[in-house]
Amino acid sequence: VAHCNEFFFCGQEPFVADEYIERLAWRTPGGGSRGGEAFDPKRLLEEFVNHIQELQVMDERIQRKVEKLEQQCQKEAKEFAKKVQELQKSNQVAFQHFQELDEHISYVATKVCHLGDQLEGVNTPRQRAVEAQKLMKYFNEFLDGELKSDVFTNSEKIKEAADIIQKLHLIAQELPFDSLMGFCCYPLSSPGKYHDLECQLIQEFTSAQRRGEISRMREVAAVLLHFKGYSHCVDVYIKQCQEGAFLRNDVFEDAAILCQRVNKQVGEIFSNPETVLAKLIQNIFEVKLQSYVKDQLEEHRKSDAEQYLKNLYDLYTRTTNLSSKLMEFNLGTDKQTFLSKLIKAIFISYLENYIEVEIGYLKSRSAMILQRYYDSKNHQKRSIGTGGIQDLKERLRQRTNLPLGPSIDTHGETFLSQEVVVNLLQETKQAFERCHRLSDPSDLPKNAFRIFSMLVEFLCTEHIDYALETGLAGIPSSDSKNANLYFLDVVHQANTIFHLFDKQFNDHLMPLISSSPKLSECLQKKKDIIEQMEVKLDMGIDTLNCMIGQMKHILAAEQKKTDFKPEDENNVLIQYTNACVKVCGYVRKQVEKIRNSMDGKNVDTVLMELGVRFHRLIYEHLQQYSYSCMGGMLAICDVAEYRKCAKDFKIALVLQLFDTLHALCNLLVVAPDNLKQVCSGEQLANLDKNILHSFVQLRVDYRSARLARHFS
């Protein structure tokens with residue numbers, strides 16, 4: 001059995017029969033599990049039989065032990081059930097006793113309450129009688145004119161004396177004066193002693209405040225609460241709180257610190273701290289702040305509008321910031337309205353006409369900035385043309401004279417200044433900020449629109465528009481030699497400036513008008529400005545005539561008839577003519593200038609117009625010459641260079657025109673037998689026959705019967 005136990009209970013793993021048999025065979029000599037030993041089945045069988053017998057014996061022992069434990073468990077279960085039943089009975093008995101005790105306690109409590117009510121009913125009249133007796137005693141002292149009681153002579157019992165005098169004063173006031181009792185009580189109803197004691201209490205409160213005795217201040221304030229002079233006590237507290245509180249230059253910071261200090265203290269002294277704190281804040285606003293604001297603003301109100309507006313904005317901002325800090329304190333139910341009224345009372349006289357001062361200052365300041373700029377240029381402004389957009393469009397359609405009359409020389413000056421623009425935008429930005437802060441919410445969109453109108457008048461009309469008109473007037477005629485095209489510089493600067501104007505419109509004006517009817521009005525005004533400027537830019541298309549005129553001068557001066565009909569056909573060393581080189585160089589410069597001066601669709605529109613005119617010029621120029629075979633090749637090289645130049649335009653139509661022109665130039669050199677084939681090619685097939693014929697006629701060999709016959 002011991003041997004079985006050793007195998008059966010070894011380790012902590014679950015019992016596995018196969019592993020158990022394997023271990024038994026391994027430990028049996030001749031079992032065949034260990035190397036080097038001969039397998040002995042008889043011995044192994046004998047070991048298995050003995051082991052089985054041992055297991056049977058162990059099983060019987062375990063079974064007897066299990067039966068014994070089951071009997072013991074059943075016995076203990078019966079004993080436990082019996083004990084639980086006894087406990088349940090004991091619990092029921094205890095619960096019954098508890099109910100009886102509870103009923104008895106309730107009965108006794110009812111009796112005690114009834115007895116207490118009876119005692120209170122007897123004691124209350126008795127206490128009142130005692131108090132009445134004391135009051136009658138004190139009343140007799142007042143009638144005799146001698147106050148002998150300790151309560152009146154001892155200064156430390158001022159609280160009890162105040163309570164007695166307050167009660168006697170109320171009683172005396174209720175008695176009619178024409179009665180004997182009322183006449184006798186007149187000394188109590190008169191303000192004499194009552195007022196003296198009230199003053200004494202206030203003096204005691206003042207002294208305690210100076211000593212910093214919070215507990216004494218609380219006691220005196222509680223006594224004065226029932227006196228008429230309680231409000232005077234609060235006034236004294238507020239006055240003394242401010243002594244030495246405003247010693248620095250920043251009255252707003254001093255006020256905030258004072259209110260924070262009082263807010264921590266006032267709840268320990270007064271029974272209504274929110275009222276006292278509100279009264280302190282009201283006193284600060286109506287006395288200190290109002291006086292400070294008046295001194296700061298009245299000094300510059302009539303003499304210096306700029307400083308006045310800066311001070312008004314700064315003072316109003318600091319006052320509202322102080323109000324925001326005070327919102328953290330308990331000031332009653334509607335502290336927002338309370339503080340708003342205090343701010344309005346200080347600034348109402350300044351805010352009523354704020355926008356008129358703002359517009360007047362902005363107008364004079366903007367005019368001064370512009371005039372100072374024109375004076376620095378020694379320029380006297382000319383009167384520009386007036387009229388609406390339709391008038392401008394009509395002038396553009398009819399190509400009438402520009403509004404400034406004959407062409408004038410601007411000496412390369414654009415009359416546009418980044419410094420002027422920045423100054424005007426900065427002034428307007430500050431005006432928008434002041435408008436946002438100082439305007440009534442209902443008037444904010446209207447006031448913002450007026451400021452925007454000032455910006456439009458001085459920046460867009462008086463500066464940008466004037467520069468465009470002056471630039472238009474400075475455009476030279478198309479037949480001018482060495483003309484300087486400064487109008488594109490004007491366009492470039494005007495475009496940059498308008499982007500700055502548009503940024504301020506979006507950043508500073510839009511938030512002020514976004515939810516009002518003024519939004520559509522401002523957008524329309526901005527649209528009109530853009531359209532008016534675009535019309536004037538379209539009128540500047542005359543600049544292209546000057547460009548074409550310059551190209552004509554270059555071609556006339558540089559192109560020679562012998563270029564396309566050289567005397568020695570076999571000794572031509574150039575790839576393209578000098579006229580072509582100079583024209584292409586000039587065109588590339590103008591294309592770059594146009595791209596730098598404009599943006600968006602305007603660039604493509606102007607370049608397309610210039611490209612078409614450039615093509616027309618070269619086409620007509622080539623029609624003026626006769627071409628030998630080598631001259632025709634040189635013309636093709638020139639047109640190829642012109643076509644490279646046309647690629648810089650990045651306009652499909654312009655490149656197509658020069659491709660066609662290049663194909664036409666091939667007619668100048670193609671063999672007579674191949675003329676019809678070339679004319680029917682892809683690029684020339686759709687052209688009018690007269691155009692083809694006009695190019696063939698430019699050949700020096702055109703009059704030969706063979707060439708005429710082939711082309712007929």
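**Ground rules.** I number residues from 1 along each chain as its sequence is written. In this predicted model, local features need pLDDT of at least 70 and side-chain atom pairs count only at pLDDT 80 or more, while totals for chains, interfaces and linings use all residues, and side-chain values use heavy atoms, with hydrogens and water left out.

I looked up the UniProt entry, which is unreviewed and lists residues 52–90 as "coiled-coil region". UniProt positions are in the numbering used here, feature names are shortened, and annotations may be inferred rather than shown by experiment. In the model I find that span to be 100% helix and 0% strand, with its end C-alpha atoms 57 Å apart. Helices here are DSSP runs (H or I, at least four residues), as are strands (E, at least two), numbered from the N terminus.

**Patch.** I noted that Tyr 107 sits in helix α3, residues 41–144. Tyr 107, Val 108 and Val 112 make a nonpolar surface patch of about 290 Å². Patch residues have over 30% relative accessible area and no salt bridge; like charges are joined within 9 Å, and nonpolar side chains (Val, Leu, Ile, Met, Phe, Trp, Tyr) within 5 Å. Accessible areas come from the Shrake-Rupley method with a 1.4 Å probe, and for residues only the protein chains shown count as cover.

**Helix α20.** I checked the length of α20, residues 518–539: its 22 residues reach 32 Å from first C-alpha to last, close to the 32 Å expected at 1.5 Å a residue. The expected span is 1.5 Å times one less than the number of residues. Its buried residues include Leu 519, Cys 522, Lys 526, Ile 529 and Met 533. Buried means under 20% relative accessible area, exposed over 50%, and partly exposed in between (1.4 Å probe, protein chains only). An α-helix has 3.6 residues a turn, so residues three or four places apart point the same way.

**Gly 244.** I placed Gly 244 in the loop between α10 (230–241) and α11 (251–266). At 55% relative accessibility, Gly 244 is exposed. Its C-alpha is 10.0 Å from that of Asp 254, ten residues away in sequence.

**Cysteines.** I searched for disulfides (cysteine sulfur pairs within 2.5 Å) and the count was zero. Cys 645 has its nearest cysteine sulfur, that of Cys 584, 4.6 Å away. Cys 645 is buried, with a relative accessible area of 0%. Cys 233 is also buried, at 0%.

**Salt bridges.** I take a salt bridge as a side-chain nitrogen of Lys or Arg within 4 Å of a carboxyl oxygen of Asp or Glu. The whole structure has 21 of them.

Lys 503 and Asp 507 form one, at 2.6 Å, N to O. The two are four residues apart in helix α19 (residues 487–513), so about one helical turn separates them. Asp 507 is partly exposed, at 39%.

Which residues does Arg 588 pair with? One partner is Glu 641, at 3.9 Å, N to O. Arg 588 lies in helix α22 (residues 578–597) and Glu 641 in helix α24 (residues 629–647), so the pair ties together parts 53 residues apart in sequence. Another partner is Asp 648, at 3.1 Å, N to O. Asp 648 lies in the loop between α24 and α25 (652–665), 60 residues from Arg 588. I noted Arg 588 as partly exposed at 30%, Glu 641 as buried at 14% and Asp 648 as partly exposed at 30%.
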